[in-house]
Amino acid sequence: MRTKSVGKKKINIVTLGCSKNVYDSEVLMSQLKANGKEVVHEDRGDIVVINTCGFIDNAKEESINTILDFVEAKNRGEVEKVFVTGCLSERYKPDLVKEIPDVDQYFGTRDLPILLKHLGADYKHELVGERLTTTPKHYAYLKISEGCDRPCSFCAIPLMRGGHVSTPIEKLVKEAQKLAKVGVKELILIAQDLTYYGLDIYKKRALGELLKELVKVEGIEWIRLHYAFPSGFPEDVLDIIREEPKVCNYIDIPLQHINSDLLKSMKRGTTHEKTNALLDKFREKVPDMAIRTTLIVGYPGETEERFNELKEWVREQKFDRLGCFTYSHEENTGAYVLEDDIPQEIKEARVEEIMELQSQISWDKNQARIGEVYKCIFDRKEGNYFVGRTEYDSPDVDNTVLVSAENTYISIGDFANVKITSAEEFDLYGELV
């Protein structure tokens, strides 16, 4: 029988899903630490809090399996309590309570104060902007808004995260200053939709104004933009990317598809022609910009002809970075009333076709970089290599730059200039200059 007091119990936070969940876990950890709790991230603990993802089938399956694993550990006496929070429990709480009753308590995405109470802690308003970062110390995510007002027919995020709420510029600047003080050099701006930032509180799109304030933060050297929506993109942001050295020549803009009929069904508010015009504008205003996008294949009504249109478009556009996912038929979304008419094996074959095409595009682009010199930030040492990134690459999802560690030493988190000597599909090899 354990005799530890509640205050001495170690709380283990387990994070699943996207960078928004990473951010939320970091906020939870900072609140717990401020309450004198011992908190760890994905380590051993007496109490486990699982921050779940409920976006698509694979993510839901991973979340459920993780919950079941920890419930089994609880039944074996290896942990005392299991709490579940995040998107899966926001979306499916009644079902989860019924199917996995051994979880001590389920919480939604906006239940942080209640979750803290169950952990013997009080929500401290004065800690807004404080986080215990779980990423390497030199980069951090900065979540500039919560929720989404877009009506995309395939997406369940508004069901789990609610409507769009922007964080005021002054709060984000303070948070960035705190991060810089603890050694963060790169900010990765995240939201369900960066494009919409400011409309709710400033009655205008204010991403450009936010960037102008963030570049003033001393110690921050790179600012990277993730998850911009194509419809209504604020073009002043392109001028800032081009003119401001701290803002990386990089944008992540999930386009999902190119067939106009499918885009209409997806409720994306754009067309084939408008999408191409936006991409032309990006390249005209910022010729050196790396464009990352993600695509969905197997959406209802994606005929072979429509898929071939997508494939030909990928071949023409030659995106710098590209991810591709199979359509997931999600209940309570707009597309759920449509027939999920593409067999799973065809969806997966289409993903393979797109990614094989992108692999060749990436190979060709990387070969063209041989002989060039790039400023890189180094994230880690792996085997015999220091692993870094250019400004055109985001951590975990994009290309890496590998420098041999045999006759070279690089401090993790430092910048260094690297001359590219060889290249593969997704890795560049180089030497310090």
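How much of residues 9-124 is helix, how much is strand, and how far apart are the end C-alpha atoms? Select that stretch: 47% is helix, 21% is strand, and the end C-alpha atoms are 20 Å apart. Helices (H or I, at least four residues) and strands (E, at least two) are DSSP runs numbered from the N terminus.

This is a predicted model, with local features needing pLDDT of at least 70, side-chain atom pairs counting only at pLDDT 80 or more, and totals for chains, interfaces and linings using all residues. Residues are numbered from 1 along each chain as its sequence is written, and side-chain values use heavy atoms, leaving out hydrogens and water.

Next, the sheet. Five strands form an open, parallel sheet in the order S2-S1-S3-S4-S5; strands pair if DSSP finds at least two bridges between them. Color S2 (38-41) and S5 (105-106): these are the edge strands, each pairing on one side only. S4 (residues 81-86) pairs with S5 over two bridges. Zoom in on Val84, opposite Tyr106 in S5.

Last stop: Glu330, in the loop between strand S13 (321-326) and helix H13 (344-367). Glu330 counts as buried because its relative accessibility is 1%, under the 20% cut-off (1.4 Å probe, protein chains only). Show its side chain: polar contacts (N or O pairs within 3.5 Å, one able to donate a hydrogen and the other to accept it) join Glu330 to Arg91 at 2.8 Å and to Ser328 at 2.5 Å.

How values were computed. Buried means under 20% relative accessible area, exposed over 50%, partly exposed in between (1.4 Å probe, protein chains only).
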